[in-house]
Amino acid sequence: MNERKPAAPVLGGGGFLRVRMDLSYDGGPFNGWALQPGLRTVQGSLEEALALIVRRPVRVTVAGRTDAGVHARGQVAHIDLSEAEWGGLPRGHEIDPAAALLRRLRGALSRVLRDETGAIEVHDVGLSPDGFDARFSALWRRYSYRIADGPERWDPVLRRLTLWHKADLDEGAMNEGAAALLGLQDFRAYCKPREGATTIRELQRLEFVRGSDGVLVANVQADAFCHNMVRALVGSALRVGEGLESPEWLHERLLAGIRDAKSVLAAPHPLVLEEVAYPSDDELFARAELTRARRE
């Protein structure tokens, strides 16, 4: 992570400091990111661990809420702590508060996760620049999706991160169809709309590239994603790759804006949130305000 300047108190007062966390997780043991009563989630596990440290409820705000079974390699989140909580070490200890919090958080997570210790790893924590919001300040998010089309490419070692697809896929046709989806468009046909939320997104990248091992990897990047959007895009592209639909079909569905029996979601386990990008420090607040206005 790039070196960050000390944060000013979070807007709204109260003497709180905004702390950025960079983390990754194996989504397999979790019912997605967001809190769900009675279910293990990534957010719930993190908030339980933080509560053990600061002895009060702490809300974690994340860059991208992932579905059940979806993984993250480059997730970003933030929390708000008081100055006492940030620097609250026993007297005589001259330890950097970020290093101390990271150490304590890792220990608390191991207690919370127990049988799944290591499923969540917080790699870095630090005071964020003024105006930073993990969700609304983000410029874009990028996901990857691995597809092994044909038994000769099925690797049991990577089966939990790869879709095993029986039929060979034509990545040329998939990329031809995907190209027409790029740009600022209404992706209602490729997501599960939430009441009162917009489905307009800027899809910046959707491409399928075959690696040296023959595995097809989808790279999907947008300013933000609607619920189930990446899995819906990949699921529809698979129909084109199999020859069940023409490349033009992907754009035709976008224009129609409807979901039907052909709206199949690709399996969640190969999907990985790889990266979240942010603007320069002096543009963080403006970006957050612009994003909030668009979403509302």
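Me: Is R153 buried, partly exposed or exposed?
Reply: R153 is partly exposed, because its relative accessible area is 24%; buried means under 20%, exposed over 50%, and partly exposed in between, with a 1.4 Å probe and protein chains only. Bear in mind that this is a predicted model: local features need pLDDT of at least 70, side-chain atom pairs count only at pLDDT 80 or more, and totals for chains, interfaces and linings use all residues. Residues are numbered from 1 along each chain as its sequence is written, and side-chain values use heavy atoms, with hydrogens and water left out.

Me: OK, where does R153 sit?
Reply: You'll find R153 in the loop between β5 and β6 (163-165). Strands here are DSSP runs of E, at least two residues, and helices are runs of H or I, at least four, numbered from the N terminus.

Me: And which residues is R153 in contact with, neighbours within four places aside?
Reply: A148, D168, R210, G214 and V215. Contact means heavy atoms within 4.5 Å.

Me: Switching to pockets: what volume does the largest pocket have?
Reply: About 710 Å³, a volume being the space filled by probe spheres set on grid points joined across faces, edges and corners. Of its 35 lining residues, R65, R194, F225, C226 and H227 are the closest to the centre. On a 1 Å grid over the protein atoms alone, a pocket is an open set of points where a 1.4 Å probe fits, with protein on both sides within 12 Å along at least five of seven lines, and lining residues have an atom within 4 Å of a point.

Me: Which helix gives the largest share of that lining?
Reply: α5, with 3 residues. β5 (140-149), α5 (229-241) and α7 (284-295) each supply at least two.

Me: How does the lining divide into nonpolar, polar and charged?
Reply: 16 nonpolar, 10 polar and 9 charged. Asp, Glu, Lys and Arg count as charged, Ala, Val, Leu, Ile, Met, Phe, Trp, Tyr, Cys and Pro as nonpolar, and the others, Gly among them, as polar.

Me: How many disulfides in the whole structure?
Reply: 0. The cut-off is a pair of cysteine sulfur atoms within 2.5 Å.

Me: Last one: where is G87?
Reply: In the loop between α2 (83-86) and α3 (97-113). G87 counts as partly exposed, at 41% relative accessibility.
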